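Here are my notes on the model, point by point. Please read them with the structure open.

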Amino acid sequence: MASAETERILILDFGSQYAQLIARRVREHHVFCQLVRHDLAADRIRELAPRGLILSGGPASVYQPGAPRCDPRIFDLGIPVLGICYGMQLACQLLGSTVKPGASREYGRAECKIAQSDGLFTGVPEDIIVWMSHGDQVDVIDQNWIPLASTATCPVAAVKHRRRPLFGLQFHPEVSHTPCGSQILRNFLYRICGCTGQWKLSSFLEQTVVDLRRRIGPHRVICGLSGGVDSSVCAALLIRAIGPRVACIFVDNGLLRKGEREAVQNTFQGHFQADLHVVDARERFLSALADVVDPQEKRRIIGHVFIDVFKDEARRIENVKFLAQGTLYPDVIESGAAADGPAATIKTHHNVGGLPKELGFELVEPLKDLFKDEVRRLGLELGLPEALVWRHPFPGPGLAVRCLGPVTPARLEILRQADAIVLEELKQSGWYRKTAQAFAVLLPVQSVGVMGDGRTYENVCAIRAVQTDDFMTADWAHLPYDLLAKISTRIINQVKGVNRVVYDISSKPPATIEWE
């Protein structure tokens, strides 16, 4: 991709919880960036020829034995460097300054005074609010460093080197709590690194289509289509590139939301005229789940049955050489699959397990350089309907992990109807796009109620709605009381089998977003 080759920023990851957020903020300025290992060799960095380097924050203290360090030779490459929090402390320490625990820790918002308004702080007011998250700070600054900013308890809140293109920020410009952070990052990218903003989804789309046609040649590709945003955008992109040689497999496992199968058929058979293979495996999945209540066992069974069903259908399709997945850049980072990226810390990302190797297919992952927000924008560019592009995430095991206790057709239908009401009311009230994820949960609990003149003993339904940017942490959505009342009334009146509705007001952590 031309833009990635000519305007690349590398972010050296020292374990910061904000590392991916830094990357997203850089991309928002139309500059391509990649997360790489904190100890990536200077020689390798020279080969990659980035326009600039960003050293992320991290949980360690630079003076502790075994603290993560970068190759000190990176400061001799002549490439602009911006250190953030730990990254600033490390750069200062390696080049002669002293870092110690601060007399006062700084966590949260702080008032910051800018001493020099040119370069990194061009267009930034003299007094700004910044977000701090540190206990250490630069204590004795080497004469080669010039202080650029300060707070009441941090005399060196930003620095630049006298002779080299090196800069440091003790605060976090990538978070929304630093209102001028976007301008500061833009100054680094454009004024200091010389970027011009060539990273655009339209050019990504054009180049990816060319690359896919070249790689796939005359062969066919199978795309596992779940109906979610990632797999749908992946399928639409492949259809744009090679048309009918894409075979989409959609497995109806009986655990889908209301109208999900029909929506996928309307979009991909109706609008895109795709070669869509809909496999009705409802009975197969529900039989395997009979009497199973343990959440992990549910997930294990669903995963195994899916692989068997998918393999059976895939083998019916001829001349297939490739299997496509909607893997995103965060998946690649977290699995350690990127060649120069950080080591695996969280999960594996192949959502169809070992299927490519088992079936003799090569893996195609056309979205592996993109973040979720970029995938949504690409989906709109490809002509996918907004309702699909902005759809809330849906777990792989489907309603099985929202149907607490036994999974039966009757209980699933109760949950499906209640969930549809939740989503309908959120959309009508304008709250759907204000929440990151919202759904109903059927509890394995029954409660006493009164309807008319009769006593009832029926199911309890919980509503879960959260707001989050990264899904690693989340807060419960403060939905208006009248909206909650309307949802509750509709569910109790219209869904036979429910006589009580509760609202989940737990944050993540300590709770998770899903209940199972």
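**Cysteines, sheet and helix packing**

1. Cys-85 counts as buried, at 5% relative accessibility. This is a predicted model. The closest cysteine sulfur to that of Cys-85 belongs to Cys-154, 9.3 Å away, which is too far for a bond.

2. Cys-112 is in no disulfide either; its nearest cysteine sulfur, again that of Cys-154, lies 8.2 Å away. Cys-112 is buried, with a relative accessible area of 2%. Across the whole structure, the search finds zero disulfides.

3. Five strands form an open sheet in the order 12-11-10-13-14, with parallel pairing. Strand 12 (275-280) and strand 14 (362-364) are the edges, each pairing on one side only. From one strand to the next, the twist averages 30°.

4. Within this sheet, strand 10 (residues 220-224) pairs with strand 11 (residues 246-252) in the parallel sense, over four bridges. Val-221 has Val-246 in strand 11 as its bridge partner.

5. Two helices lie across these strands. Helix 7 (residues 229-242) lies across strands 10, 11 and 13, and runs at about 165° to strand 10. Helix 8 (residues 260-271) lies across strands 11 and 12, at about 165° to strand 12.

6. Helix 15 (residues 409-429) packs on helix 16 (residues 481-494) at an angle of about 150°, with the axes 10 Å apart. The crossing is right-handed. Residues that meet include Ile-421, Val-422 and Leu-426 in helix 15, and Leu-483, Ile-487 and Arg-490 in helix 16. By class, this contact has seven nonpolar, four polar and four charged residues.

Conventions: Residues numbered from 1 in each chain as written. Predicted model: local features only at pLDDT ≥ 70, side-chain atom pairs only at ≥ 80, totals over all residues. Heavy atoms only, no water. Axes fitted to C-alpha atoms, helices over the stretch in contact; angles between N-to-C directions. Left-handed = near helix turned anticlockwise from the far one by under 90°. Contact = heavy atoms within 4.5 Å. Nonpolar A, V, L, I, M, F, W, Y, C, P; charged D, E, K, R; others polar. Disulfide = S-S within 2.5 Å. Buried < 20%, exposed > 50% of the residue type's maximum accessible area, 1.4 Å probe, protein only. Pairing = 2+ DSSP bridges.
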